[in-house]
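Subject: Structure for your files

Hello,

Here is the structure I said I would pass on. My notes on it follow below the entry.

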Amino acid sequence: MVKIKALHIHMFRIYHDREFTFITETGEVTPLILITGGNGKGKTSIVDAIEWCLTGNVQHLNKPFEIRSKSDHRAGHSLGLLRNKDCKRAEETWVSLTIDENGVESVLHRTATKNELGADNSFFSIIKNGETLDEEIAKKWLAQCFDSGNRSFADFFYKYFICDLQKTEDFRCKSRKEMTEEFEDFTLEHSEANRVLTNLEQIQLQLETQIATLQETKTSEEKLVQLEQEQQNLKEAAQIPAYTQHVSYQDEQLDVDKLKPEEQQAQLESLIAGGYLTVSGWLTDLVLLRRKLVVKEQFETHKADIQQAIRKKLYEPNTLRILEEQKKKVVEQLQNLTPQTLEQVGKVVSELKNTKLTSDMWEIRWTEYCNLNSTWHTTESTFDDCKKGDELLTAFSRLVNLRTKIDSYRKENKKCPLCGAEEPFTSEPIEQLALEAEKYVKAHDARKLALQQQAIREKQSWEDCQNRLYKDLKDALEISKKSLNDELGADQKIIENTSLFFTQVVALNLVPESFVDLTTLETQDGFFGIDAILIQKQEQKIKDMLKFLGYADVEQVTSIPETAQTVISQLAQKAPKPFVFAEIDLREKIVSLRLRKGNHHLEEITKELVDKRKQNSVFDKQIQEKTTLQNLVKERAGALRQKLNQLKVDEVKSVAPYLFYVFSKLVKHTTLDGFQLEGNNARETEAKLTFTDQNKNPILNIISDGQLGAFMLSYLLGNAFLRKDIGSFHCYFVDDITNSMDDINLVSFIDLIKYQLTEKKENTAIQQFFFSTCDGNLKRLFQYKMAGFEIPVTLVDLDES
Amino acid sequence: MSEQFEEAWRVYFTKSGYQPLIQKDINGEKKLIIDEFCNDDGTVPEELKEIYLLCNKSGIPCELLLVIDVRDKQQKNLNALCRAWDERILSFLNFGILPGQERQSLYLLKYNVMQILLSTSVTAHSNAAASGEKSTDISRKLFVTIENGDVIESERPMLPFYFDQLTKPTRTADSESELEQMLPTRDNLACLYETYSPERSFSEKDLISVKEWLSNGKD
């Protein structure tokens, strides 16, 4: 058993440095540690120090701190939470707990330099036999001592070993679900039975997988029936004909019985390939025949067109293209035709074949046009020269007018106005000059008018010629365009009608011109006798052979013979060459070999069938065995699950009455007449339970503080009783919770502790008890009661220190 | 009904180390040599069924339990009866002496004397009993219901020294036993007690053992 022998606190909470020893004068660990002192003297800090050393946490401080810090970081300021307020920054806070484990001493040590709770914020170690061991070993030791399982150790320790005011208040706030969980602690874990159940469930799954795998591995009934059918077919075809003794290819072995099955198989494949080789040739012929039939039929139907096309070489792609280019050229000339482009367009038109405007005619027309133009322009030029005489006349008129003025000036001033000479003028009189001029003007105007009229006439002639030429060219182009259009249309129709004919002719490597004068193909070499019936017969012959050779899609022969020919050619590549094809011989040889193969196959199938049936029988047996085991496991797992559920339900139901037993050991005749859990009767372990009295009144609503204190003690004691045989740590801590309890209940409590701490008691669940109180009378009563039973007490009186 | 059966309650005291002080002579008469607890004529009061004494390791008396039968008493007289016995106890603590003990040895019995009142169910839950039990005067009082000579199961835990039902309170022995019978022995099928792991696969040998176990169970 583990007991706490000493405690050394350094810079923790209220303490600077303080050592406490819990041993008797004879050196034995004291079972009762009575901590007394006024408020703020450090009673709770002693329990806190022990809790922190063991767990790294102080739950009654941590929970409120976390609530405070949640919404207000400042409020959560951690100063003084763990370390003494006088502790310097670099100084360590530490607690050492000396443990006595059946006479062997160990020291648990925890240090921290930060004011933060939680095991991660401190270092934990254990000193055993003078050797400091690391945190992992210390934790392992703790888990073993407390048998805490996988639970959070800090929560576990606080829940099961400490009873304080914070816990009492927490309990009153518990939800129904949390209350259920609190009560489930009093039930057995049945961990072993649960492990067995889990493993049985896993076996069930494993068996299920194994059975499924066996089922999949078994040969299906469908496959067996198929094999049986094949076996039956082979049995029926057991008569094997002799192998025909005509060689089909060089390496053929005629004495096939000497061949091994795989050699027979190879020879069979060679023969089949040889068959394909022949069929490949037949297919080539068939394709030719079909083409010839098409040529023949087309010729009969479109003979005129075909021959026309041959004459015009319409089967050549260039022929139509040339016509199209001509048409394009004509259309371009039409678009370009203007009075200015007459010469250029005229030349083009004169070169066109299908117009009335020949090249000579064009030369004459164009010369006429040019002459008319030239004549008109000459007259125009003469007229322009004549118009220049008008200017001379004007100059003359001015000159006559000026002479008159000069003469007047000479007469008046007796000298020339220009040179000042005084000699008199000697020219003709002015009237003579005017007459000459008038005469000249009349003759000039008459000539000018004649020239003008002549130019107009000549221009008109030229324009008329131009218009005629334009019209004639346009007409010629339009006619040419229409003619070309008609020709193109007719040719295209012919091409449409004859394209299939010419395609097949080209494919057959025939010369189109050879058909130009023929009246019929019926009598022509190469076409004679070709008709649909002939082709049908050829197809049927090929299909029969292919079917015999084992070719799957024989209908290809009719629908897509070219594709069939390609595929068959590939199959024929394996054929030995040269290959002598004789249909009857080949068929007999193939049948003979196939039946021989069938016989081997029959043996194989028979053997396979026996093996598979035997194998299936083994699998069936295994499946049956595993199914039987699976059912047994399922049945037991179900029963175990039911039993565990039932136990859980029964146990949870009995927790409340049990706690009432403990409670009634402490509390005498209260208003409470019993405890029970109220909830869904069918599923107590999973439901939310209400903690009520016998009359179904919720306990937490009606219980007084004093009763709640007693109840919390009952909860601690109840768990202590249940943990009697679990782990080796049975020290419990009660911190100032008895203040509200009345005297008689306190006496009952002290008596209970007294009986528990008495040595050699069979039902002792408490090995060491730490009790703190500020009540002097209670302290003395404890001391008196323990003294009567000679139970050693260590009194830690903090008022005295 | 034999006397032994009628007084089945005695076993809880004797098993916890309490020594009965009332003797019986050859005539079956009860004898007690503590005057304070006897009638004036020296006889043992009819309602006093037993006085149990517990001594500590040093042999010094540390607890005295008076078992008083109030089953035939009227409720209205119970308080008076308890008071009367308190007076006898006070007288004993002040002036009495225990057989074979010195007078000084009684000092530890102060506050350690208790009246155990054997009652009917009605009496044990009466107001009179409640007020008696609440009293801390001179001695503690505890009313327990006796049926068929025994303390009824639900009230046994009230006996302050009795812890039997508390250390294994929620276990139903029959159910636990039934559960145990449904489980294999660890020696034969340790594999079923191993911690579950999803990667784990049971060997053919394990499966054969499981089959043997379950088939035997069937038989």
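In helix H9 of chain A, the residues that meet helix H18 of chain A are A:Pro261, A:Gln264, A:Gln265, A:Gln267, A:Leu268, A:Leu271, A:Ile272, A:Gly274 and A:Gly275. On the H18(A) side, the partners are A:Leu586, A:Lys589, A:Ile590, A:Leu593, A:Arg594, A:Arg596, A:Lys597 and A:His600. By class, this contact of H9(A) with H18(A) has seven nonpolar, six polar and four charged residues. H9(A) covers residues 261–301 and H18(A) residues 583–666; their axes come within 10 Å and cross at roughly 150 degrees. The crossing of H9(A) past H18(A) is left-handed. Please keep in mind throughout that this is a predicted model.

Sheet in chain A

Chain A has an open sheet of five strands, ordered E8-E11-E12-E3-E13, with parallel pairing. Its edges are strand E8 (162–163) and strand E13 (793–797), each of which pairs on one side only. Strand E3(A), residues 32–36, is joined to E13(A) by five bridges in the parallel sense. Within E13(A), A:Thr794 is the residue opposite A:Ile33.

Sheet in chain B

In chain B, six strands make an open sheet with mixed pairing, in the order E1-E4-E5-E6-E7-E8. Strand E1 (19–20) and strand E8 (150–151) of chain B are the edge strands, pairing on one side only. Strands E4(B), residues 48–55, and E5(B), residues 61–69, are antiparallel and share seven bridges. B:Tyr52 is placed opposite B:Leu65 of E5(B).

Helix H3(B), residues 78–95, touches E5, E6 (113–119) and E7 (140–147) of chain B, and its direction makes about 150 degrees with that of E6(B). Helix H5(B) touches E6 and E7 of chain B, at about 140 degrees to the direction of E7(B).

Contact between the chains

How many residues of chain B are in contact with chain A? There are 42, and they are in contact with 46 residues of chain A. On the chain B side, the elements giving two or more residues are helices H5 (127–134), H6 (164–167), H7 (173–182) and H8 (204–218). H8(B) supplies the largest share, five residues. The side of chain B that touches chain A is made up of 21 nonpolar, 12 polar and nine charged residues.

Regards

Notes
Residues are numbered from 1 along each chain as its sequence is written. Chains are lettered from A and ligands numbered from 1 in the order in which they are written. This is a predicted model: local features need pLDDT of at least 70, side-chain atom pairs count only at pLDDT 80 or more; totals for chains, interfaces and linings use all residues. Two residues are in contact if their C-beta atoms, placed from the backbone, lie within 7 Å. Helices (H or I, at least four residues) and strands (E, at least two) are DSSP runs, numbered from the N terminus. Ala, Val, Leu, Ile, Met, Phe, Trp, Tyr, Cys and Pro count as nonpolar, Asp, Glu, Lys and Arg as charged, and the others, Gly among them, as polar. Axes are lines fitted to C-alpha atoms, for helices over the stretch in contact, and angles run from 0 to 180 degrees between N-to-C directions. A crossing is left-handed if the near helix is turned anticlockwise from the far one by less than a right angle, and right-handed if clockwise. Two strands pair if DSSP finds at least two bridges between them.
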